[in-house]
Every structure is written in structure tokens, then in C-alpha cells.
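Thanks for coming. Please have the structure open while I talk.

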Amino acid sequence: MSIKAVEMKNIAIINAINLSDYAFKKLHDNKSSVDFVKNFATSLSDIEKTVFLLSKSSQAGKGYDTVIKEKWTVFELLNEIKEKSTGYDNIFYFYADCALLDKGITQRMYENHLKYFADYTFADGYPYGLSPEILKTPVIDPLLKLIKEEKAAEPQRDTLFELIKKDINSFDLETEISTVDLRILRATLAADSKRNFLLLSNLASHNAFDEQTVVKVLQEKGEILRTLPRYFLIQTVEGCAQVCSYCPYPKVKGDILGKKAEMKFEDFNLILDKIKDYCEDAVIGISLWGEPSLHSQVYKMIERVCDIPGFDLVIETAGLGWDIEALRSLGKNAYARCRWIVSLDAVSEKMYESLRGQGFREALAFTDNLLKLFKNNVYVQAVRMRQNEDELEKFYKQWKETAAQIIIQKYDYFSGFLPQQKVTDLSPLKRFPCWHLKRDMCVTIDGNVPLCKEDLKGTHSLGNILSDELSVVWNKAKEVYLKHLKEQYPDMCSECDEYYTFNF
């Protein structure tokens, strides 16, 4: 029986929950991302109804059937999809800010969805935002049964696929695979932030409105991917609680034990304000070259970062010198938006002391307290190197039994500044432009901005974040990034093997 002979009755469900203002900002030809998505919805095969899911009354849903809830949960999302799709054969599900949803990819997905009687069809290898998800309507019931601890959680863009993964063998999946795997670019083609809207605008300026052109431009015009910095790693303290054997900081500064200096809270606050004005959202780290627990106002800093909408906080620490009662007194935003990385590096106290010095038992006790307070936002970390390689399997197994998440970090020899102690070479076969030049910004205690973390002595300064415009500082690194695109790697970049490591 031919596919065309099968009469289908389908529904399009468009997620417009908590849309960013950028979804309504004009993108091209006086059309917003929402306008592009509405046009896309009219192109879908066998669609008899289109529904918008909204968190408030909005122009996005004008003229369409809408479901409005002030607060959505994963359970409510699935329940509403079930209710609205009753009587329909298939569901096309996508977000209202994905301006570049492609008709060609979608049609191929739909034809294979029918041909192979799939329960769920998705695309893989493409940047996010080029394709919808297609579901057979009866699939919603088993998905509802898979909802457990995330029942009250806020829906995410990957909610449906994450639920399916819980019992993936129970579903018939069909995948539309890109001929070119662009996942490594980590590009998000959705107008959900200033950063991603700039990327959409860059693509629009190259008339990239279809699959082939988008893929071509992303491959050939790498400069458009460098929009705004995402991760700011700030030195708030000069001084540490330990002298780690694999850290270059003591070799640069000499005696680092104990607090030598700290960033003024007023300066820290000014930096945050500048980041907010320029980027609007960001991940803030407060652990560049120093132990943040030594700062006299660290708890105030934590709350300040976490109280800024769109900001998240990362604290990398030895787990020494913290006041547990002060952590218990933090506001609710801190518990939700602060992630902790406790550097342990070993299972045995003997190995720990050889790598880090004293403090093993205090660090373990601190980690235990963190897990009680911050639950899933706690990571334990070990740097993989020759000295501790024999303990890493045990490290992993031991912490796997707890609620902690695990990071096995590659060894960094800082472009030859330290002896090479890595166990294996994880670098890609073909080098690509540095992630850190594309996404990160480091700030030292005096506000100076080095080219990157590898620039230990600040010999490649981009300016000072306290006195210079952030846009000027950020754009100064573009020249080096453009050289990377041409496979030209100046001085310390040529010896660096951190270019492929990704933070945020």
C-alpha cells in the first residue's frame, strides 16, 4: 500500500511557553521568528489543526487554538498534548522561536515516519532548530507513565526525547540523519537569547533559510558562530588552600598558600552589571587561580550572581574553608542555580596528599554536606594524569554510588609550561578553532582580561573589564579566532591542546 493512499489527520503543537522577546524581534523581511514558524506550520502535511501552548496571552497564539498556563510542568505538557491530539493520527511538535525549521527535512521525516510505522521520528546531526519532532498520537500515554521525579519539573526542549530514552526499546524510532554532522558546532537555531538571535541574524544576512544553505554557511563561515561570550571565569581571590602538584599558579606566583588579596565586591558587582548589559545571560565562574572560600564576601557573591535572571554560577573548590551554616542560609536561587565542582583527584588519602596536600577528610565531609544541600548540582572531579591513573576506576565506581555527578578532567600542560603528564591523547584528528576563544572570557583579580586561561602571565591582554567596554574587550580576541579559522595558530596556541575542551 502506498503512503499517499493513507489518509492522515495530523495536529501541529507549537511550544510558545516563556518565549524570549527575541522570538518577536524582526529577523528578516520584517518577519520575526514566530512569523517564520507560523508559515512553517502551514506547510506541514495533512495538518488539520494548530495549537499554541502559552504561559500568557500572547500575539504568538493570535488566531489559533491556545492553551494558556502561567506555570507549566512536564506532566501538564504531556497531558495537554494528549488532550489536544485526541482524534488525530500524528503530532508535529516544535518551538515557536525556531525560525529556520526546514520543510525539506520535515517532509523526509514524515514520509519515513509513515513508511516505517514509527512511534517517534527525529533528526540527528543537524543544529537544533532545523526540524520538528513527529510522534504517533498513542505514544503519549506510555510517555506519561514514564514521568517520575521530573513530574513537577519545567519542560525543556529535549523533554520528549529524554522520556523516550528511559525505555527506548519500547518505541519504534526513525531518524533523519544529516549528511554532515554539525553537532560539534553546538549551534542553537532558536531566538531564545540575544546570543542565539545574533546567530540567526548572521545566517539571515547570508540568506540561509533552507537546510542546504544553513549547512553550507555554518561550515564555511565559522566567524558567524562567535557571537557573545557565554562563560566568564573570574579570579576573585589571589591565594589557595593547597598547593596542587599539577597547577601552574604556584610556579607563576610563588607562595600562594592563604589569601594574598581579594577582588572588591564593588568591582565584582560592576563586572556582573557589564556582563548583564552586554550578554543578558551567562555562566559565571569565581574560581580562576584561587580558592573562593577564602574571599571575605563569598556568600554575598554567590547570592548576587544567582539573583540575576539568566545567570548561573559555577564554583570550583578544594572543599576547604567553607562555612556550612552560611551555605545553609543562602537563598533559594542559589540552591537552584549554583553548581559545585569539588576537586578531589584521588580515592586514597595518600594519593590525595601527594597531589594536593592536606585536607582529604575535610574535603570529603564538605562534599557530603554539599550533596545534602545542593543535591544534583554537585560534581566531584579528578584530573586524569599518570600519577593517579591507577585510582581513577575506583574513584569513578565509588562516587557512582552516591548522588554526586563525576567529572574526569583531562590534564592541561598549559602549552608546555608544565611537564606533560597526560595518559592518552584525546584530541580530534583534525584541529578546529578554539572553543575558549569562541565562548569564554577570563578575568583576573585586577580586572585584566588575558586571551584565555592558558595565558598565564597575561602577555596577550585584551584590556580591562573594569575600565573598558566589554564589547571592545571581547572583539579584540576575534583576530586570533579568525586566524584559527584559517588554521593559523600563533605562539602559545600552536602548542595548546585545550582548544577542543568545552565549558558552556
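Let me start with a sheet of seven strands, open, in the order 17-16-15-14-13-10-18, with parallel pairing. Its edge strands are strand 17 (405-410) and strand 18 (440-443), and each of these pairs on one side only. From one strand to the next the twist averages 25 degrees.

Before going on, the ground rules. This is a predicted model, in which local features need pLDDT of at least 70 and side-chain atom pairs count only at pLDDT 80 or more, while totals for chains, interfaces and linings use all residues. Residues are numbered from 1 along each chain as its sequence is written, and side-chain values use heavy atoms, with hydrogens and water left out.

Helices (H or I, at least four residues) and strands (E, at least two) are DSSP runs, numbered from the N terminus. Two strands pair if DSSP finds at least two bridges between them. Axes are lines fitted to C-alpha atoms, for helices over the stretch in contact, and angles run from 0 to 180 degrees between N-to-C directions. Contact means heavy atoms within 4.5 Å.

Strand 10 (residues 231-234) pairs with strand 18 in the parallel sense, over four bridges. Which residue of strand 18 is the bridge partner of Tyr 231? That is Asp 440. Helix 9 packs on this sheet and touches strand 10, strand 13, strand 14 (311-317) and strand 18, its direction making about 170 degrees with that of strand 10. Helix 10 (residues 298-306) lies across strand 13, strand 14 and strand 15 (338-343), and runs at about 150 degrees to strand 14.

Strand 7 (residues 120-124) and strand 9 run parallel and are joined by five bridges, with Tyr 120 having Leu 173 in strand 9 as its bridge partner.

On to the salt bridges. A salt bridge here is a side-chain nitrogen of Lys or Arg within 4 Å of a carboxyl oxygen of Asp or Glu. By that rule the count is 31. For exposure, buried means under 20% relative accessible area, exposed over 50%, and partly exposed in between (1.4 Å probe, protein chains only).

Take Asp 281 and Arg 195, whose closest N and O atoms are 2.8 Å apart. Asp 281 lies in the loop between helix 9 (265-279) and strand 13 (282-285), and Arg 195 in helix 6 (residues 194-205), so the pair ties together parts 86 residues apart in sequence. Buried or exposed? Both are buried.

Compare Asp 141 and Lys 82, in a salt bridge at 2.8 Å, N to O. Asp 141 belongs to helix 4 (residues 140-146) and Lys 82 to helix 2 (residues 74-85), so this pair ties together parts 59 residues apart in sequence. Asp 141 is partly exposed at 35%, and Lys 82 is partly exposed at 35%.

Lastly, a network of salt bridges links Lys 410, Lys 422, Asp 425, Asp 497 and Glu 498.
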